[in-house]
Amino acid sequence: MTSLSTLCYIEKDGQYLMLHRTVKKNDVNKDKWIGVGGHFEADESPEECVLREVKEETGYTLTSYRFRGIVTFVSGNGVTEYMHLFTADKFEGKPIACDEGELEWVKKEDVLKLNIWEGDRIFLRLLADEEPFFSLKLVYDGHDTLVSAVLNGNPMELFDILNPDGSKTGIVRERVVAHREGSLHATVHMWIVRSNEKSGYDVLLQKRSQTKDSNPGSYDISSAGHVDAGDEILESAVRELKEELGIEAKPEELHYIGVHYGAFEAEFYGKMFRDRELSSVYVYTEPVEIENLKLQKEEVEAVRWMDYEECRQKVHDGTMPNCIYEDEFRMVGEYLDRVSVGR
């Protein structure tokens, strides 16, 4: 079954007018907080529909509004809804009681604390970022779990959100939203090493692309990446080595050395980036020649070998732009000392 609808987020003094859907028993939005709006009547345009629905649900007449995008909402239980998304910043009239639930003005930053659809976090972020008119497809599993998100035809990365012990919460969240909110998620870190005659071994460092969403141009782990929702950790590690560096590693060639908890927050491109991750850390000791690597330019600008002890000192004193966690780097060094790589 398909349907057409409108959804409008009315703004005032840094707040959104939110509707807590509590009335209808068989409402797909039961107990959720959403904007105001409703389904098209015969022959209505999106603008006619949003003006009518807002008036009926709130008592307000919109005097300034914008059509921001189309959200294809696939519930997973046989319903596909094409929601025409609006924001409004001016209105007139007196408020009325809503027969769909309770209306409440909520600070924009507090909206994310409410019981909202996970996909709504994506389009609320797009609205906040003043994204040009967009098409967003959100697919659910028939309940509340997001299984796919596609923005303007491009699949978006989704993560399993974790409890502190590493178990899954059951929440699946889009990458940028997870980093805006500081949601704990899983990553894989692969350190490529070789023996040398100085401190005993070199580490291969990658220089992050200048277009990365965090720490652009900084030196980093040999290869690293997120564990996508539903994926296994080791298969993610093998995939990242292939994608970033062109290395076709076998699972048994990756030596697991432990889990590292990492967290930081900083501003990049005028937006906050909050990272909280549980990283499965591996060491790769197979022969690697830099000239044979195939770098993924979107991720990696360059690579270089560096003596472990020299790198440790540069990370410690900040003389090399990097985003390496010192305690994780010590984990790698302690492992290498135990196994005497290449010696």
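Visitor: How do I read the handedness of a helix crossing, left-handed or right-handed?

Guide: A crossing is left-handed if the near helix is turned anticlockwise from the far one by less than a right angle, and right-handed if clockwise. In this predicted model, the crossing of α6 and α7 is left-handed.

Visitor: Which residues make that contact?

Guide: From α6 you have Y308, C311, R312, V315 and H316; α7 brings in E326, F329, R330 and G333. Sorted by class, that's 4 nonpolar, 2 polar and 3 charged residues.

Visitor: And how do the directions of α6 and α7 relate, roughly parallel or roughly antiparallel?

Guide: Check the angle: over 145 degrees counts as roughly antiparallel. The axes of α6 (residues 308–317) and α7 (residues 326–339) cross at roughly 165° and come within 10 Å, so the two helices are roughly antiparallel to each other.

Visitor: Let's pick a single residue. Is Y9 buried or exposed?

Guide: The cut-off for buried is under 20% relative accessible area. Y9 has 1% relative accessibility, so it counts as buried. You'll find Y9 in strand β1, residues 2–12.

Visitor: What is Y9 in contact with, leaving aside its neighbours within four places in sequence?

Guide: Its partners include Y16, M18, I34, L85, F86, F123 and L124. Take L124: it sits 115 residues from Y9 in sequence, yet their C-alpha atoms are 9.3 Å apart.

Visitor: Which residues does the UniProt domain annotation cover?

Guide: The unreviewed UniProt entry puts "Nudix hydrolase" on residues 1–129 and 183–328. Residues 1–129 are 22% helix and 45% strand, with end C-alpha atoms 32 Å apart. For 183–328, it's 18% helix and 43% strand, with the ends 20 Å apart, C-alpha to C-alpha.

Technical notes:
Residues are numbered from 1 along each chain as its sequence is written. This is a predicted model: local features need pLDDT of at least 70, side-chain atom pairs count only at pLDDT 80 or more; totals for chains, interfaces and linings use all residues. Side-chain values use heavy atoms; hydrogens and water are left out. Axes are lines fitted to C-alpha atoms, for helices over the stretch in contact, and angles run from 0 to 180 degrees between N-to-C directions. Helices (H or I, at least four residues) and strands (E, at least two) are DSSP runs, numbered from the N terminus. Angles under 35 degrees count as roughly parallel, over 145 as roughly antiparallel, 65 to 115 as roughly perpendicular and the rest as oblique. Contact means heavy atoms within 4.5 Å. Ala, Val, Leu, Ile, Met, Phe, Trp, Tyr, Cys and Pro count as nonpolar, Asp, Glu, Lys and Arg as charged, and the others, Gly among them, as polar. UniProt positions are given in the numbering used here, feature names are shortened, and annotations may be inferred rather than shown by experiment. Buried means under 20% relative accessible area, exposed over 50%, partly exposed in between (1.4 Å probe, protein chains only).
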